[in-house]
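Today I shall present one structure, beginning with a pair of helices and then turning to the chains.

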Amino acid sequence: MVEYLVEGVVRAVKLLITMDPYVISVAKVQVLVSTSAVLLASATAVPLAVLFCFRSFPLKNFLLTLINTGMGLPPVVVGLVVFVIFMRRGPLGFLDLIYTREIMVVAQFLLAFPIILGVSIAAINAVPESIRETAYTLGARDREVALLVVREAAFGIITGILAGAGRVFAEVGAILTVGGNIAYDMVTPEGIIQVSKTRTLSTAIPLETSQGDIAAAIAFGLILLAITFILNLLVSVLRRRAGVA
Amino acid sequence: MRSIVRLEGVSKRFAGKEVLSGINLEIREGELLTLLGPSGAGKTTLMRIINLFTRPSEGRLYFRDRDVAQLRGEELLKVRRSMAMVFQKPVMFTGSVFYNVAYGLKIRGYSRAEVERRVDEALRLVGLAGYEARSAHTLSGGEAQRVAFARAIVIQPELLLLDEPTTSLDPISEARVHSIIRRVKELGISVVLTTHKQHEALALGDRVAVLKDGKLQQVGPPEEVIYAPQTRFVAEFTGMVNIFEGVVEKVAEVCRVRVGQVQLEMPAFEASPGERVCVGIRPEEVMLLRTDVPLNPRHRNVLEGVVEEILPQGSAMLRLRIGSGGLRISADVPRHVVEKMGVREGGKVLFSLKASCLRRLEE
């Protein structure tokens with residue numbers, strides 16, 4: 001039993017060291033999809049958070065409740081909704097995006113967006129009113145005040161972005177449902193190798209496990225662990241710096 | 001002297017509650033006007049109106065003879081950019097001292113070289129030369145307040161608004177800030193300073209405006225406000241602790257007012273016999289008289305009393321609380337005089353309330 005596990009780990013490390021093309025291609029898809037989703041979500045959520053905090057409008061509190069609810073959406077449900085919208089017979093079916101990396105980005109965007117938005121709003125709201133007032137008394141325009149406030153809230157906003165990243169790198173349900181966990185065989189001079197199309201680290205793990213390839217599953221798990229470890233390390237470093245500053 | 005800001009009949013209501021009413025006030029070019037009043041008097045609201053943060057509910061606000069009360073957008077910005085404000089609690093932006101001081105210059109689009117030159121100059125003025133690279137959040141309260149001053153002065157405003165800038169500072173930091181304020185004035189910048197500390201208002205102000213419950217009580221040079229307060233409130237707030245209610249007995253060149261069992265003579269004022277009035281005298285104007293020499297007939301309002309209490313009043317003065325004819329009078333007397341005359345608690349003293357120092361106060 002233990003030997004089986006040790007052998008799995010040893011083979012997993014070997015796969016990583018030799019840069020096994022299959023493992024690398026799966027990791028690449030994961031990083032590509034999840035990073036794109038986080039970048040797009042950040043690019044939209046942060047400016048929206050600024051607008052949200054600087055403008056008053058009806059139903060603002062209700063909207064904030066919705067955003068906060070969105071922070072805890074079950075990934076599988078998000079995947080299902082995106083699938084239903086984009087499936088052949090769905091309203092956006094003509095785009096023919098099901099089982100592509102693009103649709104995976106869309107699904108993960110929906111998971112990351114409320115988190116980044118919600119955390120950014122909280123961070124911006126936590127910047128004391130007196131900061132804005134001081135900037136105004138020094139002759140700042142609205143735009144300049146907004147920039148200053150974002151700068152003051154930077155640690156909180158970055159924490160939100162990293163939290164969004166943590167979520168999308170860890171989730172399985174959404175990308176599995178819309179991406180289909182597809183890999184294909186490719187003929188190369190070295191022989192036939194498997195290459196990922198929409199298979200990611202998180203979706204590959206249950207598949208390889210169920211197929212009995214524990215070594216591959218462990219290799220994927222190690223990469224995923226390393227990624228989440230780095231993300232969390234960044235969060236805690238930033239938290240500490242924010243605490244001092 | 002030209003006026004830089006003029007308020008005419010300015011009132012402000014928040015949710016139906018009148019915070020300021022009928023304020024007429026002029027801030028003259030190059031002067032330092034102190035706005036003295038207790039918390040809740042409306043000082044901050046008045047500052048915010050001048051800084052175009054709050055629109056008056058009524059009245060007009062002129063900046064250099066231009067009505068600016070209803071300005072918006074870029075026009076408002078242009079006027080506000082000729083002022084700067086420092087708050088009670090210094091607000092530091094996250095970043096270096098340089099970043100903080102340079103902020104107002106950067107948003108005005110000054111060149112890097114000009115920004116550096118001016119920041120250096122401003123930090124020198126507040127005595128923090130060489131602090132550029134320090135993180136603003138590591139400064140002490142007093143240092144942060146001085147950075148806030150540098151940040152405001154660096155843009156060379158025509159008018160500097162200081163909203164209780166020394167309230168949260170210790171006495172040493174307060175003294176530093178006072179000397180910075182004097183230097184700012186020397187640069188020709190007009191200053192409005194709000195404070196609830198009478199010593200500060202009187203020591204720094206070219207003129208003092210006393211505010212109570214949203215209404216201006218008196219505006220004038222410090223000596224006038226101290227020695228000729230018009231209302232009971234101004235008198236109390238500026239340290240006139242001897243205030244009595246009495247009845248007018250005689251109106252002539254010299255008026256006579258009966259307070260308890262004591263008759264006081266004082267300079268003429270308009271009143272009719274039998275009218276109830278309020279009169280006051282500052283504690284340092286109560287004069288102890290020697291009992292070992294004949295009484296000088298010049299002295300008016302000579303009273304005898306018993307010293308009930310002797311309290312230190314600063315380092316050089318003692319405050320005697322004297323009971324006399326049902327009155328309680330405070331007299332501030334130099335320590336050495338008290339010692340020389342052998343005055344002690346429970347002993348009898350002769351003193352005079354100098355007639356010309358007694359003043360009638362409006363309620």
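**Two packed helices**

In chain A, helix 3 (residues 60-70) packs against helix 5 (residues 101-125) at an angle of about 130 degrees, and their axes are 8 Å apart. Axes here are lines fitted to C-alpha atoms, for helices over the stretch in contact, with angles from 0 to 180 degrees between N-to-C directions. Helices themselves are DSSP runs (H or I, at least four residues), and strands are E runs of at least two, numbered from the N terminus.

This is a predicted model: local features need pLDDT of at least 70, side-chain atom pairs count only at pLDDT 80 or more, and totals for chains, interfaces and linings use all residues. Residues are numbered from 1 along each chain as its sequence is written, while chains are lettered from A and ligands numbered from 1 in the order in which they are written.

Which residues of helix 3 of chain A meet helix 5 of chain A? They are A:Leu64, A:Ile67, A:Asn68 and A:Gly70, and they meet A:Pro114, A:Leu117, A:Gly118 and A:Ile121.

**The chains**

Chain B has ten helices and 20 strands. Its C-alpha atoms fill a box of roughly 75 × 45 × 35 Å along the principal axes.

The contact between the chains takes 13 residues from chain A and 17 residues from chain B, where contact means C-beta atoms, placed from the backbone, within 7 Å.

Methods
Contact = placed C-beta atoms within 7 Å.
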